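Me: I have a model open and want to learn how to read it. Can we take the features one by one?

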Amino acid sequence: MKKFYISLLGSALLSIVVLGWLIDAFSQRAHTPQDEFSQQSKMITGFSKQLANIPTPERSSYVRQLAQEFDILIDYKPNDSLALPPSLLLQMHTPDGLILEDQQGFYMLYSSEILNPFHLSMRLDKHSDSEQRNDIMLTLLFYAGLCVFMGFIIAPLAKRLTVLNEAAKKFASGNVQARIKVSHFTYIKDVELTFNRMASQIEKLVAENKLMASSLSHDIRTPIACLRFGLDAALDSHDEHKIKQYLARMENDLDHMESMLSSYLAFATLEQNANKLTYSSTNIKPYLEDILIQLAPKLESQMLSVQLNSSDELISADLHWLARAITNLLTNACDFAGQYIYLSAKLHEQQLIITVEDDGPGIARENFNNVFSPFFREEDHRNRADKSYGLGLAIVAKVADWHHGSVKVTKSNQLGGACFTLTIAQHYNP
């Protein structure tokens with residue numbers, strides 16, 4: 001928008017200066033007194049020639065006679081009666097004479113060698129209507145030119161605003177994939193980019209909400225059915241021991257539902273943390289060692305061995321959410337690894353690259369992109385914790401996106417299972 005404001009102001013000032021100069025030049029050229037009173041100039045020159053044949057004592061009476069016959073205001077006076085500088089006195093001897101203006105209007109002074117030291121003075125009639133019409137025309141010409149100049153600036157803006165309006169209408173009608181094709185020749189490029197980012201964010205949130213509603217409605221049916229079955233069985237049974245067993249199962253089902261709803265609601269509100277990141281710096285190797293210490297009970301219970309290969313360089317990130325993402329990757333590896341997990345980290349071209357590999361069954365190639373979608377779970381994978389809702393890797397993808405990075409999965413060349421690569425940009429300043 002700053003580009004638009006500067007262009008608009010600059011064009012307005014330039015158009016005013018250029019149009020003002022052109023109209024002023026035209027006005028001076030079209031309305032010089034010599035051109036406007038050319039007929040009167042010829043008339044007074046003719047009178048002076050006639051006076052050349054009249055004796056000097058009789059010239060005054062002859063001039064009065066001419067004034068009566070031609071109905072004009074003309075007089076014959078000595079040059080001494082004029083309070084003019086020498087330069088203007090000399091201008092009276094030019095063919096066009098000297099035109100002056102007073103409170104009554106214009107008048108012409110003319111002299112020659114024949115009339116000297118006298119001169120002729122004639123009052124000039126100026127047509128005010130013609131002058132007023134010319135002024136109106138020049139004013140209209142100025143504003144018309146200004147409108148043309150401003151039109152060259154406003155027209156592209158109006159076109160881009162129309163494009164923005166059409167995209168907004170499509171988006172409002174339900175087409176969440178509507179985007180603006182950004183042009184290099186636009187004053188509102190920032191607005192268009194902001195609209196596209198907003199549309200992408202809303203599209204992603206809408207898709208996640210739809211997916212969450214669908215997954216929740218599907219996943220919650222099983223514990224609800226179990227609760228209904230346990231409740232009916234407890235009501236029909238007269239054995240106190242069996243009733244306690246049914247109630248214990250129902251309590252487990254309720255715990256499962258509570259855990260499920262907590263996970264779903266936590267993911268639904270996760271996007272609110274995107275603008276609340278707190279960046280800090282630390283050395284990467286001790287940072288990863290602390291994460292492994294926190295996961296030690298899980299690793300020991302499943303008898304898994306982790307190999308850490310990391311540099312000791314300084315990194316910058318939101319350390320809480322980065323730890324959450326790394327923990328999710330390691331937890332996922334623990335759920336599917338057979339014996340070994342490989343964790344590595346390095347800095348390369350202003351990027352932190354973290355790799356987590358395992359010797360488990362791996363992920364089918366057709367699901368390489370799907371595993372980072374919320375609530376996705378491969379059907380043929382076992383889950384030792386039995387409390388996974390397909391949100392762990394989706395959270396990793398969000399953390400990577402918040403840090404202007406990415407996450408991908410391939411097959412591990414070293415261990416044969418899955419290989420997750422998390423990339424975090426280091427040049428980003430929040």
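Reply: We will go through cores, aromatic pairs, a hairpin and cysteines. Keep in mind that this is a predicted model.

Me: Start with the nonpolar core. Which residues have the most contacts inside the largest one?

Reply: The general idea comes first. In soluble globular proteins, nonpolar side chains tend to be buried together. Here the largest nonpolar core has 45 residues. Tyr287, Leu322, Ile326, Leu330, Ile341 and Leu422 have the most contacts inside it. Several elements each supply at least two residues, including helix 10 (284–294), strand 8 (340–347) and strand 11. Helix 12 gives the largest share, 10 residues.

Me: What does Ile341 touch, beyond residues up to four places away in sequence?

Reply: Its contacts include Leu299, Val306, Leu330, Cys334, Val356 and Leu415.

Me: Now the rings. How many aromatic pairs are there?

Reply: A pair of aromatic rings is described by the distance of the centres and the angle of the planes. The structure holds five such pairs. Take Tyr76 and Phe118: their centres are 4.9 Å apart and their planes 15° apart, a stacked pair. Tyr76 sits in strand 1 (residues 74–78) and Phe118 in strand 4 (residues 118–124), 42 residues apart.

Me: Is Tyr76 buried or exposed?

Reply: Tyr76 counts as buried, because its relative accessibility is 7% and the cut-off is under 20%. Phe118, at 26%, counts as partly exposed.

Me: Why is the pair of Phe372 and Phe420 edge-to-face?

Reply: Their planes stand at 90°, so the pair is edge-to-face; the centres are 6.0 Å apart. Phe372 lies in the loop between strand 9 (351–358) and helix 13 (392–402), while Phe420 is in strand 11, 48 residues apart. Both residues are buried.

Me: Phe420 is in strand 11. Which strand pairs with strand 11, and in what sense?

Reply: In a regular strand the side chains alternate between the two faces of the sheet. Strand 10 (residues 406–411) pairs with strand 11 (residues 418–425) in the antiparallel sense, over six bridges. Phe420 is the bridge partner of Val409. Six residues lie between the strands of this hairpin, where Gly416 takes a positive phi near 90°.

Me: Last, the cysteines. How many disulfides are there?

Reply: A disulfide is a covalent bond between the sulfur atoms of two cysteines. The whole structure has zero. Cys334 is buried at 0% relative accessibility, and Cys419 is buried at 9%.

Terms used
Residues are numbered from 1 along each chain as its sequence is written. This is a predicted model: local features need pLDDT of at least 70, side-chain atom pairs count only at pLDDT 80 or more; totals for chains, interfaces and linings use all residues. Side-chain values use heavy atoms; hydrogens and water are left out. Two strands pair if DSSP finds at least two bridges between them. Helices (H or I, at least four residues) and strands (E, at least two) are DSSP runs, numbered from the N terminus. A disulfide is a pair of cysteine sulfur atoms within 2.5 Å. Buried means under 20% relative accessible area, exposed over 50%, partly exposed in between (1.4 Å probe, protein chains only). Rings of Phe, Tyr and Trp (its six-membered ring) pair if their centres lie within 6.5 Å; planes under 30 degrees apart count as stacked, over 60 as edge-to-face and the rest as tilted. A nonpolar core is a set of buried Ala, Val, Leu, Ile, Met, Phe, Trp, Tyr and Cys residues joined through side-chain atoms within 4.5 Å. Contact means heavy atoms within 4.5 Å.
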